[in-house]
Amino acid sequence: MKELVGRPYHELRPRLGKDFSVRELVDAYLENIERLDGQVRAYLTVTADRARAQAQELDDRLARREPLPPLAGMPVAVKDNLCTRGVRTTCGSRILEPFVPPYDATAVQRLREAGAVLLGKTNLDEFAMGSSTENSGFFSTRNPWRLDHVPGGSSGGSAAAVAAGEALAALGSDTGGSIRQPASLCGVVGLKPTYGRVSRYGLVAFASSLDQIGPLSLDVRDCALVLQAISGHDPHDSTSVDLPVPDVVASLEAGVRGLRVGVPVEFFGEGLHPGVRQAVLEAVRVLEGLGARVEEVALPTLEYALPTYYLIACAEASSNLARYDGVAYGYRSPGAHDLYTLYARTRAEGFGPEVKRRIMLGTFALSEGYYEGFYKKAQQVRTLVRRDFDRCFQRVDVLATPTSPVAGFRLGERTADPLQMYLADVYTIPVNLAGLPGISVPCGFVDGLPVGLQLVGRPFEEATVLRVAYAYEQATEWHRHRCPLLRG
Amino acid sequence: MRITPEVVERVARLSRLELTEEERATFASQLSSILEYFARLDRLPTEGVEPTSHAIRVTNVFRPDQVVPSLPVEAVVAMAPQAHEGFVVVPRVLEAEE
């Protein structure tokens, strides 16, 4: 059943229960994990027994000719910062190594209700802080396209799993690019929904005003199917928005004729790899060829978005991560005899260097004497970034940019200099600051490594973003490429 | 912006992080260069600009004040590193009187 692996769900679905069973599909994926994950290292936990049991249950329903839910039998992976009842959820951190949540994140529960089968939990940069998955407290994940390269991050495990055929789709989280950037580097589709579109209940908090959960998949249609399943209001997350969820699958084929596509000039300046520039501009020409109207727009605050993001994200993180104190759950340092030492030593031993760096940066930016100059300043610049986007969206319907300035980088290449690592997210970060929906779709290769095209839309216009991505994808072949590792 | 090891130590204490001598030195130099890069924000005038705390406008969300089942105590206490008869055990908080 090896030929089942690496095919999009929407192609398999009509054959389910006829050419193969759910159990056979799930087994094919579990076997591929067995075959490849020793090299890719996408998973922190594989839940093979549960997956087989769930598959059997779905096959029984098939046998009774019960109608099946929309994602029945889809073998999925979930980033390990999303709570899964009874399944260890580490957040890639030693401080949560022993943590087994007593509840499911809403997005996980909705996937399960839609019939998706959980294969396991994927690796990430500790607390989703990083752009290469090298900050994991456990091990680094490899890029399946080239094993000495990073898969991107922080949802590197989820992106690598989809690219290597170790999951048909996956959930990630995106605070500053953590779904789109690894999707770009691993040659898969990754979508960050509008802030508030998907409930964050059960997502371990990093920066609460920026975090959002979204899908990674082989192509745009699968992406839309997963988004449809996880979207919508949830009383458990008061920032999830109580708006009707449109049918994003039904509108995929509406085309781009007459749609206005904006190309923000600042995203094509210094620091962009020439090969990436060429691939993205070629993608814009494809959209033009399909009838879209292309025009240049300006986002002059781009160069300020990165520091703004890091100040806000670190400030929020320093507050959110105060809960890891060794008291009620997670790791506790042995041998502390007073409360201060219990906190300070537990955190010293439990957190890795990047998490400590960001807690320090955030605490500094919020501390007396520095608050006005750093944190408040960043919040004001955030307003200016948002206004830049508002101005663009008065003239155009979507923006087209590179997802990442480079196609990829080697393991260890950027770990010595935190600032170099931060620059990996320079094109994705502004989208989070403005809370907008953004997708990355494969649009070419540079030196054998995939390149991603980022499309950004107005708030809650995921349908438009997906429709443009789908039109582009159907006009090209990039989404059909599979990494040599999977083919071999 | 120069961040001295003394500032690092003060921030570490606020952050409840025990640092080694080596970490203090590394963080001092790394935070200095990060903040130096961040100083480019000063070039952008922001006088009178409203700060944004959430990109999508959020207002207070209320729900009826009704009792709903919560997680069972046993399930919650089971997560604690140390527990005793349904309670989480922590080091002594108050000094014992001699």
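In what order do the elements of chain B run from the N terminus on? I looked this up in a predicted model. I read the order as α-α-α-β-β, that is, three helices and two strands.

Next I checked the overall spread of chain B. Its radius of gyration is 23 Å, well over the 13 Å that the globule rule gives for 98 residues, so I note chain B as more spread out than a compact globule. I also took the extents of the C-alpha trace, which spans about 55 × 50 × 25 Å along the principal axes of chain B.

I find 31% of the 98 residues of chain B counted as buried. The accessible surface of chain B is about 7,500 Å², and carbon and sulfur atoms hold 53% of that.

I moved on to the nonpolar cores. The largest one has 183 residues, and I noted F127(A) and I439(A) as those with the most contacts inside it. Helix α9 of chain A, residues 302-320, gives the most to this core, with 11 residues.

I found a second, separate one of six residues, including L185(A), V406(A), M421(A) and A424(A).

Notes:
Residues are numbered from 1 along each chain as its sequence is written. Chains are lettered from A and ligands numbered from 1 in the order in which they are written. This is a predicted model: local features need pLDDT of at least 70, side-chain atom pairs count only at pLDDT 80 or more; totals for chains, interfaces and linings use all residues. Side-chain values use heavy atoms; hydrogens and water are left out. Helices (H or I, at least four residues) and strands (E, at least two) are DSSP runs, numbered from the N terminus. The radius of gyration is taken over C-alpha atoms; the globule rule is 2.2 Å times the number of residues to the power 0.38. Buried means under 20% relative accessible area, exposed over 50%, partly exposed in between (1.4 Å probe, protein chains only). Accessible areas come from the Shrake-Rupley method with a 1.4 Å probe; for residues, only the protein chains shown count as cover. A nonpolar core is a set of buried Ala, Val, Leu, Ile, Met, Phe, Trp, Tyr and Cys residues joined through side-chain atoms within 4.5 Å.
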